Amino acid sequence: LIPLHGQAKLCNATATELKKALENFGPTLHLSGGKVGMAFPLVAERLSNRFYRSKLTAWMAAQEEDYTYIILQADPELTEWSKICVAQADCVFLLSDATQSPKVSD
(Lines give C-alpha, C1' and ligand atoms only; values in the text may rest on other atoms or scores of the structure.)
Protein backbone atom coordinates (compact mmCIF):
# COMPACT_ATOMS: atom_id res chain seq x y z
CA LEU A 1 0.00 0.00 0.00
CA ILE A 2 1.44 3.36 -1.02
CA PRO A 3 -0.17 6.57 0.24
CA LEU A 4 -0.18 9.39 -2.32
CA HIS A 5 -0.52 13.09 -1.59
CA GLY A 6 0.15 12.57 2.13
CA GLN A 7 -2.79 10.21 2.61
CA ALA A 8 -1.24 8.37 5.58
CA LYS A 9 -4.55 8.22 7.50
CA LEU A 10 -6.34 6.73 4.49
CA CYS A 11 -3.53 4.21 4.10
CA ASN A 12 -3.68 3.24 7.80
CA ALA A 13 -7.45 2.76 7.64
CA THR A 14 -7.22 0.77 4.41
CA ALA A 15 -4.48 -1.46 5.81
CA THR A 16 -6.56 -2.16 8.93
CA GLU A 17 -9.68 -3.03 6.93
CA LEU A 18 -7.73 -5.08 4.38
CA LYS A 19 -6.09 -7.06 7.17
CA LYS A 20 -9.48 -7.79 8.75
CA ALA A 21 -10.87 -8.95 5.41
CA LEU A 22 -7.88 -11.12 4.50
CA GLU A 23 -7.83 -12.80 7.91
CA ASN A 24 -11.04 -14.56 6.84
CA PHE A 25 -8.92 -16.45 4.30
CA GLY A 26 -5.73 -17.03 6.26
CA PRO A 27 -3.18 -15.61 8.68
CA THR A 28 -2.33 -12.00 7.76
CA LEU A 29 0.61 -9.84 8.78
CA HIS A 30 0.59 -6.04 8.42
CA LEU A 31 4.02 -4.40 8.32
CA SER A 32 4.65 -0.66 8.28
CA GLY A 33 7.80 1.39 8.68
CA GLY A 34 6.78 2.21 12.24
CA LYS A 35 6.17 -1.42 13.19
CA VAL A 36 9.46 -2.53 11.65
CA GLY A 37 11.27 0.31 13.41
CA MET A 38 9.85 -0.73 16.78
CA ALA A 39 10.64 -4.42 16.24
CA PHE A 40 14.12 -3.89 14.75
CA PRO A 41 15.31 -0.39 15.67
CA LEU A 42 18.95 -0.89 14.70
CA VAL A 43 18.08 -2.48 11.37
CA ALA A 44 15.38 0.07 10.53
CA GLU A 45 17.81 2.95 11.05
CA ARG A 46 20.31 1.39 8.62
CA LEU A 47 18.19 0.16 5.73
CA SER A 48 20.35 2.04 3.23
CA ASN A 49 23.14 -0.41 4.15
CA ARG A 50 22.92 -3.62 2.06
CA PHE A 51 23.77 -5.84 5.02
CA TYR A 52 20.92 -4.58 7.20
CA ARG A 53 18.52 -4.43 4.27
CA SER A 54 19.24 -8.09 3.46
CA LYS A 55 18.67 -9.06 7.10
CA LEU A 56 15.23 -7.45 7.05
CA THR A 57 14.21 -8.86 3.67
CA ALA A 58 15.37 -12.35 4.75
CA TRP A 59 13.19 -12.05 7.88
CA MET A 60 10.29 -10.88 5.71
CA ALA A 61 10.74 -13.90 3.40
CA ALA A 62 10.66 -16.20 6.44
CA GLN A 63 7.32 -14.67 7.49
CA GLU A 64 5.79 -16.08 4.31
CA GLU A 65 6.03 -19.51 5.94
CA ASP A 66 3.67 -18.43 8.75
CA TYR A 67 1.38 -15.96 6.97
CA THR A 68 -0.82 -16.46 3.95
CA TYR A 69 -0.95 -12.69 3.34
CA ILE A 70 1.52 -9.95 4.15
CA ILE A 71 0.48 -6.31 3.78
CA LEU A 72 3.38 -3.92 3.31
CA GLN A 73 2.48 -0.32 4.07
CA ALA A 74 4.92 2.20 2.60
CA ASP A 75 5.68 5.54 4.20
CA PRO A 76 4.06 8.70 2.76
CA GLU A 77 7.51 9.83 1.61
CA LEU A 78 10.13 7.90 -0.36
CA THR A 79 12.14 6.16 2.36
CA GLU A 80 14.28 3.03 2.35
CA TRP A 81 11.31 1.19 3.85
CA SER A 82 9.07 2.43 1.02
CA LYS A 83 11.59 1.16 -1.53
CA ILE A 84 11.59 -2.26 0.16
CA CYS A 85 7.78 -2.34 0.07
CA VAL A 86 7.72 -1.74 -3.68
CA ALA A 87 10.55 -4.21 -4.34
CA GLN A 88 8.99 -7.00 -2.24
CA ALA A 89 5.33 -6.55 -3.21
CA ASP A 90 3.46 -8.94 -5.47
CA CYS A 91 0.79 -6.27 -5.99
CA VAL A 92 0.94 -2.50 -5.39
CA PHE A 93 -2.04 -0.33 -4.42
CA LEU A 94 -1.74 3.45 -4.73
CA LEU A 95 -4.07 5.16 -2.26
CA SER A 96 -5.27 8.71 -2.79
CA ASP A 97 -8.16 11.01 -2.06
CA ALA A 98 -10.59 10.92 -4.99
CA THR A 99 -10.67 14.73 -5.02
CA GLN A 100 -6.90 14.90 -5.61
CA SER A 101 -5.11 14.82 -8.95
CA PRO A 102 -4.37 11.26 -10.12
CA LYS A 103 -0.76 12.33 -10.84
CA VAL A 104 1.81 10.43 -8.80
CA SER A 105 3.90 12.81 -6.67
CA ASP A 106 7.41 13.72 -7.81
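This is a predicted model: local features need pLDDT of at least 70, side-chain atom pairs count only at pLDDT 80 or more; totals for chains, interfaces and linings use all residues.

Q: Why is the contact between lysine 19 and glutamate 23 called a salt bridge?
A: The side chains of lysine 19 and glutamate 23 meet with an N to O distance of 2.6 Å, and because the criterion asks for a side-chain nitrogen of Lys or Arg within 4 Å of a carboxyl oxygen of Asp or Glu, the pair qualifies as a salt bridge.

Q: Why does glutamate 23 count as partly exposed?
A: Glutamate 23 has a relative accessibility of 39%; since buried means under 20% and exposed over 50%, this residue is classed as partly exposed.

Q: What makes Arg53, Glu80 and Lys83 a network?
A: Glutamate 80 meets the side chain of arginine 53 in a salt bridge of 3.3 Å, N to O, a pair that links distant parts of the chain, with arginine 53 in helix H4 and glutamate 80 in helix H5, 27 residues apart. Glutamate 80 also forms a salt bridge with lysine 83, their closest N and O atoms being 3.3 Å apart, so with both distances set against the 4 Å limit, the three residues are linked by salt bridges.

Q: Why are strands E2 and E3 said to pair?
A: Pairing requires at least two bridges between two strands, and E2 (residues 28-32) and E3 (residues 69-73) have five, in the parallel sense, so they are counted as paired; within this pairing, histidine 30 stands opposite isoleucine 71.

Definitions and conventions:
Residues are numbered from 1 along each chain as its sequence is written. Side-chain values use heavy atoms; hydrogens and water are left out. Helices (H or I, at least four residues) and strands (E, at least two) are DSSP runs, numbered from the N terminus. Buried means under 20% relative accessible area, exposed over 50%, partly exposed in between (1.4 Å probe, protein chains only).
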